Amino acid sequence: MVLLARLLLALAGTALADQDRSPVEVTEGSVRLAGGNTDAGRVEVFYQGRWGWLCLGPGIGAGGWGKAEADIVCKQLGLRKGVSTMRMANGPYADVLPIASVQCSGAEKSITDCKLELRSAEACSALAAAGVRCTNFVAEDQPRIELSGASPESLLADSSFRIECTSEPQAERVEHLPSFACEVQEQKASEKKIDSCSADQCAQGVKDLPDPFLLETALEAFVFKPAMEAHLKSAQEQRSAVSSGERVAAHGHSSTNCSAIGLEISPEEQDLAMLRRAYFSPLARLLFDLDADVIGLRGRKSGGFDVSESLSPAAAAVFTDLEESGAAELGDMGLSEELQQEALASLGDKAFDDRLAAVRTPLPLLERWLQENSTVRSFVAAYFGGHAMLHGYKVVHLPSSVTTEAFIAAHWHHDRAGRRLKMFILLNDVDPTEGHPTQVALGSHRLSYYWHEEFEQSRYDNAYVQRHFKTLRLAGKRGTGYIFDTNAIHKGTPEGSQGRNVIVVEYHQAAKCSLISRLGLNIPCPSGDQKALNWYFTLG
């Protein structure tokens with residue numbers, strides 16, 4: 001059985017992060033990801049007989065780490081391509097390598113086959129490490145997006161532009177995937193004019209536009225406080241740049257709640273243009289637009305229409321929990337013993353290792369169960385406003401020992417992808433105290449966050465989360481499951497002594513990831529390290 005499991009694991013294209021530190025047989029030029037997740041993280045290379053990370057900094061590799069290099073690393077890890085590169089904190093479990101620049105042509109088989117510029121390790125030790133984000137998905141496998149209107153580049157360059165996609169598909173194309181029409185359009189500011197208010201009224205409007213970016217109060221929300229100071233100061237400048245006329249329009253808006261990390265915007269809010277301009281970063285604006293069907297700003301969930309009326313009682317109960325809390329416990333999933341053994345076999349001996357692992361082995365029994373389970377499909381489609389994609393699945397092992405330094409998802413965070421659902425199916429008993437359960441801050445899924453660009457913008461201090469939210473530990477017996485919106489603040493609990501093995505299945509609104517892929521954005525939509533399915537389904 002172990003030999004079979006190891007064979008399955010070798011065929012799976014396993015992506016590993018934060019490997020164990022015991023001696024193993026590793027070939028020169030091997031790569032691994034650390035400090036992030038199994039599809040994104042700090043790149044560590046086995047070079048000259050030791051693991052090390054590549055430094056980035058002014059004049060040291062700053063211009064030699066891009067898409068071509070990401071592609072090489074990601075293909076080494078068994079994924080289809082690189083999405084982007086990023087700067088990450090250096091690592092405690094690997095040395096800095098004397099490699100200051102990497103330049104690849106795209107034809108190399110290993111990152112060490114690329115042109116390397118060597119420099120002393122001492123020059124790199126205090127600088128950022130080179131990171132990548134990888135994916136197993138390409139735009140051609142997603143629903144088609146027909147773009148019209150202004151240039152797509154306007155969405156990120158100018159806060160007055162927004163994108164609106166049709167809630168219903170235009171037509172069905174090959175392989176039963178739909179086509180959606182999306183228009184880039186200029187969003188006009190509030191119709192209230194600056195000359196419609198007196199000087200006193202305008203001053204009151206400035207006062208009443210909340211300022212959540214004050215350093216003395218906002219910094220407490222974040223884990224990486226020094227890095228966040230610059231982001232908060234920049235956000236303050238953006239808010240202050242909103243015109244006086246728009247500030248007056250904000251006066252008295254009780255339908256939007258403001259916090260240090262994001263806005264909870266009601267579908268009844270009348271001045272979305274002002275809120276987008278004043279508070280959101282470019283990626284935050286884009287994700288807010290793309291999540292309009294889920295929030296209820298348009299489509300089947302808008303106008304007070306109750307999409308749950310068409311659901312079975314069981315599906316309606318889960319839908320209600322997701323809408324109200326952002327998470328739902330599913331109980332016994334009804335999986336056969338054979339299916340669970342199939343999933344565990346894909347992990348092989350990694351199911352008992354002291355390292356994080358995710359495998360993408362095809363699981364025919366799981367895929368058949370996903371196809372036949374109409375209850376799950378119906379509440380997922382309802383949550384997304386009628387049209388959804390099941391992007392894929394993976395089997396994940398979380399080791400018995402977890403630290404926030406080695407596993408960034410052990411911090412409270414959101415997934416920097418806006419509204420999406422992940423369903424977890426437990427392959428072993430998960431104790432709520434010792435089993436590293438997933439924890440979710442209930443109700444936080446409704447937040448529209450100010451930023452989505454960098455890791456530090458989405459990692460939150462434990463005391464802040466505990467003070468502002470009721471939290472739920474999602475644990476249970478083998479064969480049970482839960483589902484939650486990863487826009488909710490959540491974490492894998494670092495405390496505990498028992499490992500866990502789970503199946504993770506990921507869903508998005510049907511048009512969303514297609515557009516993100518089309519624009520080439522550094523947003524994990526979908527998560528890159530999955531067995532790709534790309535199944536489209538609708539509500540009724």
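## Terms and basis

A residue is called buried when its relative accessible area is under 20%, exposed when this is over 50%, and partly exposed in between, with a 1.4 Å probe and protein chains only. Helices (H or I, at least four residues) and strands (E, at least two) are DSSP runs numbered from the N terminus.

The model is predicted, with local features needing pLDDT of at least 70 and side-chain atom pairs counting only at pLDDT 80 or more, while totals for chains, interfaces and linings use all residues. Residues are numbered from 1 along each chain as its sequence is written, and side-chain values use heavy atoms, leaving out hydrogens and water.

## Helix H9

Helix H9, which spans residues 282-290, is mostly covered, since eight of its nine residues are buried. The buried residues are Leu283, Ala284, Arg285, Leu286, Leu287, Phe288, Asp289 and Leu290.

## Salt bridges

Across the whole structure, a search finds 23 salt bridges, each defined as a side-chain nitrogen of Lys or Arg within 4 Å of a carboxyl oxygen of Asp or Glu. One of them joins aspartate 141 and arginine 80 at 2.9 Å, N to O; aspartate 141 lies in the loop between strands S10 and S11 and arginine 80 in the loop between helix H2 and strand S6, so the pair ties together parts 61 residues apart in sequence.

Arginine 239 and aspartate 211 form another salt bridge, with their closest N and O atoms 4.0 Å apart. Arginine 239 is in helix H6 and aspartate 211 in the loop between helices H4 and H5, so this pair ties together parts 28 residues apart in sequence. Arginine 239 counts as buried at 11% relative accessibility, whereas aspartate 211, at 25%, counts as partly exposed.
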